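Please look over the sequence and the model first.

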Amino acid sequence: MGNAKLLPVTADTPEARRVKLAPSILASDFARLGDELRAIESADWAHVDVMDGQFVPNISFGLPILAAARAASPLFMDVHLMIDRPERYLRDFADAGADGLTVHVESTAHVHRAVQQIRELGKKAGVTLNPGTPLEALRPVLADVDLVLIMSVNPGFGGQKFIPNSLERIRTVRRWLDEIGSAAELQVDGGVSATNARAVVAAGASNLVAGSAVFGRDGAQAGLERLREALK
Ligand code: DX5
Ligand code: ZN
């Protein structure tokens, strides 16, 4: 250790201003998807939540919506696959316009192979896990991924409450990434808002997903500004 570059990002450092914001279009108005994507063009990524009604109890949307979003926006399409055996569809999501693909360790017996496949498709590879899954499940693939996503709600629905012990999980993974010198994004998803964003970044997150906090009552631009303000 002792290398300043490897210290965790905290809200008090200049790095805090470089935290990436990834609004989740799950909370957007699908009938106005093009407008909603324009409203978040000052964000860094668009987070795309795909749910199959098997891995999670809810069904959201799939390939055609991703393709439509891709055609409407230059934002990095960050696709969170909440589907069983995602390896069956990695190529399809890559072809539909994903820039990054994130798979759950619980969704396949072959998470390492899935990560390899994503890389072979030329996309950024992410790995994630549910709040009830021991963090140890990440370690075998930690050095091979471009992104680690800590779920701070049980996946399946937007608008849930942030689970407080997620902060400890973020700290642990931040330490592990720093120990191996990984520059992977540490993304956090679920219940992130202007109230807790600063604490989430102080725990070590570099990338915040937010659905309901962005696409709220007064529009996505205002929602994004509130988040950025909270991180100052
Ligand atoms: C939950 C999804 C999240 C969700 C976040 O299963 O993975 O990305 O859209 O929504 P909020 O920010 O409202 O918790
Ligand atoms: Zn998500």
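The model is predicted.

The unreviewed UniProt entry carries the annotation "binding site" for H47, D49, H80 and D189. These residues span 143 residues in sequence, but no two of their C-alpha atoms are more than 10.5 Å apart, so they gather at one spot. From this set, D49, H80 and D189 belong to the lining of the second largest pocket.

H80 has a relative accessible area of 0%. Leaving aside neighbours within four places in sequence, its contacts include H47, D49 and D189, and also T102, H104, T128, L149 and M151.

**Other annotated positions**

The unreviewed UniProt entry also lists S24, H80, G156, F157, G158, G159, D189, G190, G191, G211 and S212 for "binding site". The lining of the second largest pocket includes these residues, among them S24, G156 and S212.

G156 is in the loop between strand 6 (147–151) and helix 5. Not counting residues up to four places away in sequence, G156 touches M51, V56, N58 and M82. S212 lies in the loop between strand 8 (207–210) and helix 7 (220–231). Its contacts, with neighbours within four places in sequence left aside, are A27 and G159.

Buried or partly exposed: which applies to G156? With a relative accessible area of 1%, G156 is buried, because buried means under 20%. S212 is partly exposed at 46% relative accessibility.

D84 is in the loop between strand 3 and helix 3 (90–95). The C-alpha atoms of D84 and D52 are 7.5 Å apart, while the two residues are separated by 32 residues along the chain. D52 is also one of the contacts of D84, together with Q54, F55 and S107, leaving aside neighbours within four places in sequence.

| Residue | Relative accessible area | Class |
|---|---|---|
| H80 | 0% | buried |
| G156 | 1% | buried |
| D84 | 28% | partly exposed |
| S212 | 46% | partly exposed |

**The nonpolar cores**

How many residues are in the largest nonpolar core? It has 63 residues, and I40, V148 and L208 are those with the most contacts inside it. Helix 5 (residues 166–179) supplies the largest share of this core, five residues. A second, separate core has eight residues, including A22, M151, V153 and V209.

V148 is in contact with V127, L138, L142, V173, L177, E185, L186 and Q187, apart from neighbours within four places in sequence.

Terms used:
Residues are numbered from 1 along each chain as its sequence is written. Chains are lettered from A and ligands numbered from 1 in the order in which they are written. This is a predicted model: local features need pLDDT of at least 70, side-chain atom pairs count only at pLDDT 80 or more; totals for chains, interfaces and linings use all residues. Side-chain values use heavy atoms; hydrogens and water are left out. A nonpolar core is a set of buried Ala, Val, Leu, Ile, Met, Phe, Trp, Tyr and Cys residues joined through side-chain atoms within 4.5 Å. Buried means under 20% relative accessible area, exposed over 50%, partly exposed in between (1.4 Å probe, protein chains only). Helices (H or I, at least four residues) and strands (E, at least two) are DSSP runs, numbered from the N terminus. Contact means heavy atoms within 4.5 Å. UniProt positions are given in the numbering used here, feature names are shortened, and annotations may be inferred rather than shown by experiment. On a 1 Å grid over the protein atoms alone, a cavity is a set of points where a 1.4 Å probe fits but cannot get out, and a pocket is an open set with protein on both sides within 12 Å along at least five of seven lines; lining residues have an atom within 4 Å of a point.
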